[in-house]
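Dear colleague,

Please find the structure for your review directly below. My notes on its sheet, its helices and some individual residues follow.

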Amino acid sequence: MVTDLDTVFAALADPTRRAILSLLLEDDMAVTDVAEPFEISLAAISKHLAILTRAGLISQEKRGRVKWCKLEPDALREASVWMQGFGQFEPVNLEAFERFLASEIDGEDTA
């Protein structure tokens, strides 16, 4: 399944949805079990789950009368690859940068 990066990042932007994904890291869960730690309605949890499902981050399956949620870790792959592209740059050493700026400023004062 090809996911749209905008949809994935929009789904990840909400802290409740990120918390739901963290819960599902451990195992598949029934919707009612997903809702349990949150102080919001089951209807609100269902809306969050629908957004996560549309983004491809989870799948939902009905087993008997219970709807189960499962994490789809491959859905984060494209987003992860995109973000890793920014890791190619060396981290900035702020202390060395400050020393450089100070030496440049000192050099201008003596000139």
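Two strands are said to pair if DSSP finds at least two bridges between them. Helices (H or I, at least four residues) and strands (E, at least two) are DSSP runs, numbered from the N terminus. This is a predicted model, in which local features need pLDDT of at least 70 and side-chain atom pairs count only at pLDDT 80 or more, while totals for chains, interfaces and linings use all residues. Residues are numbered from 1 along each chain as its sequence is written, and side-chain values use heavy atoms, with hydrogens and water left out.

The sheet

In the hairpin of E2 and E3, two residues lie between the strands, and Gly64 has a positive phi near 70°. Strands E2 and E3 run antiparallel and are joined by six bridges; Arg63 has Val66 in E3 as its bridge partner. The open sheet as a whole consists of three strands in the order E1-E3-E2, with antiparallel pairing. Its edge strands, each pairing on one side only, are E1 (29–30) and E2 (58–63). E1 pairs with E3 (residues 66–71) over two bridges, also in the antiparallel sense. Here Met29 is the bridge partner of Cys69, and Ala30 that of Trp68.

Within strand E2 one finds Ser59. With a relative accessibility of 25%, Ser59 counts as partly exposed (buried means under 20% relative accessible area, exposed over 50%, and partly exposed in between, with a 1.4 Å probe and protein chains only). Ser59 and Lys70 are eleven residues apart along the chain, and their C-alpha atoms are separated by 5.2 Å. Apart from residues up to four places away in sequence, Ser59 touches Trp68, Cys69, Lys70 and Glu72, where contact means heavy atoms within 4.5 Å.

Axes are lines fitted to C-alpha atoms, for helices over the stretch in contact, and angles run from 0 to 180 degrees between N-to-C directions. Helix H4 (residues 42–54) lies across E2 and E3, at about 115° to E2. His48 belongs to helix H4 and, at 13% relative accessibility, counts as buried. Neighbours within four places in sequence aside, His48 is in contact with Asp14, Thr16, Arg17, Ile20 and Ile40.

Helices H1 and H5

Helix H1 (residues 5–12) packs against helix H5 (residues 77–84) at an angle of about 95°, the axes being 10 Å apart. The two are therefore roughly perpendicular (65 to 115 degrees; under 35 is roughly parallel, over 145 roughly antiparallel and the rest oblique). From H1, Leu5, Val8 and Phe9 meet Glu78, Ala79, Trp82 and Met83 of H5. Six of the residues in this contact are nonpolar, none is polar and one is charged (Ala, Val, Leu, Ile, Met, Phe, Trp, Tyr, Cys and Pro count as nonpolar, Asp, Glu, Lys and Arg as charged, and the others, Gly among them, as polar).

The structure holds one aromatic pair. The ring centres of Phe9 and Trp82 are 5.7 Å apart and the planes are at 65°, so the pair is edge-to-face (rings of Phe, Tyr and Trp, the last by its six-membered ring, pair if their centres lie within 6.5 Å; planes under 30 degrees apart count as stacked, over 60 as edge-to-face and the rest as tilted). This pair links distant parts of the chain, since Phe9 in H1 and Trp82 in H5 are 73 residues apart. Phe9, at 29% relative accessibility, counts as partly exposed, and Trp82, at 44%, counts as partly exposed.

Yours sincerely
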